[in-house]
Amino acid sequence: MSHSPAPLNDYLAEKRAAVLARDAAIERGTAQPAALKARVSAEGRSGVRRIRIRDHQVISDSPPDFAGYNLGPSSPELQLGVLGSCVTHIFLIQAASRQVPLTSLEVEVSGVIDPRGGKPGHEQTPIWPHDIAYTVHIDSPASRADIDALFEAVERTCPILNLLRNPQQVRASVALTNSGAAAPLPAAQPSAAAEAVPA
């Protein structure tokens, strides 16, 4: 595990101030739900997926054996990274809230994706990432009891971890734009001669 040159404790003091301010907003009744949004487009020449979230961009790509250019992590890999990021963040939040000192923190996430999933002979193999596991490496002078309590709090409150363990229904729709279609011809208008013919 790599260790950052500066311990996390200075940052945890900042995080604790933010946690206390957020808790105070919740108690006052001024905290509101946050709307989340992401847009993803496929690049024309490479098929690379460009993920836009707020003012940020992330590139997702496939490895060469799946017609990718290996310009970024695949979607299943990003999912593991998102889980690891969320677990790490909630460890920081809970450590700040509980005043558990941390010298360093690193989360390793692993999983399996099987391209044979759902194909003949592999009907029972999941098509989604599975066998997901994470290990947290913590350098801390805190007691084992404090670390165990910290871990339990993270398991209970991590949003992405609990989303994966308790999936919800996802609404979906398709908005079709056929920009390559020929413009429709105007409707035929009756000629003056035809209008003059009695019924």
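Residues are numbered from 1 along each chain as its sequence is written. In this predicted model, local features need pLDDT of at least 70 and side-chain atom pairs count only at pLDDT 80 or more, while totals for chains, interfaces and linings use all residues, and side-chain values use heavy atoms, with hydrogens and water left out.

The chain contains five helices and five strands, where helices (H or I, at least four residues) and strands (E, at least two) are DSSP runs numbered from the N terminus. Read from the N terminus on, the order of these elements is α-β-β-β-α-β-β-α-α-α. Of the 199 residues in the chain, 21% are buried, a class that requires under 20% relative accessible area, with exposed set at over 50% and partly exposed in between (1.4 Å probe, protein chains only). Among the contacts in the chain with a separation of 6 or more, 54% are between residues 24 or more positions apart, a contact being defined by heavy atoms within 4.5 Å.

Strand β2 pairs with two strands, where pairing requires that DSSP finds at least two bridges between them. Strand β1 (residues 39-42) runs antiparallel to β2 and is joined to it by four bridges, with Arg-39 standing opposite Arg-52 in β2. The hairpin of β1 and β2 has six residues between the strands, and in it Gly-47 takes a positive phi near 75 degrees. Strand β3 (residues 56-60) is paired with β2 over five bridges, again in the antiparallel sense, and in β3 the residue His-56 is the bridge partner of Ile-53. In the hairpin of β2 and β3, two residues lie between the strands, and Arg-54 takes a positive phi near 50 degrees.

Ile-51 is located in strand β2 (residues 49-53), and its relative accessibility of 16% means that Ile-51 counts as buried. The C-alpha atoms of Ile-51 and Arg-39, which are twelve residues apart along the chain, are separated by 5.8 Å. When neighbours within four places in sequence are left aside, the residues in contact with Ile-51 are Arg-39, Val-40, His-56, Gln-57, Val-58, Ser-60 and Leu-78.

A search of the whole structure finds two aromatic pairs, for which rings of Phe, Tyr and Trp (its six-membered ring) must have their centres within 6.5 Å, with planes under 30 degrees apart counted as stacked, over 60 as edge-to-face and the rest as tilted. The ring centres of Phe-91 and Phe-151 are 6.5 Å apart and their planes are at 15 degrees, so this pair is stacked. The pair links distant parts of the chain, as Phe-91 belongs to helix α2 (residues 75-98) and Phe-151 to helix α3 (residues 144-157), 60 residues apart. Phe-91 counts as buried at 1% relative accessibility, whereas Phe-151, with a relative accessible area of 37%, is partly exposed. Tyr-134 and Phe-151 form an edge-to-face pair, with 6.5 Å from centre to centre and 70 degrees between the planes. This pair also links distant parts of the chain, Tyr-134 being in strand β5 (residues 130-139), 17 residues apart from Phe-151 in helix α3. Tyr-134 counts as buried at 16% relative accessibility. Phe-91, Tyr-134 and Phe-151 together form one aromatic cluster.
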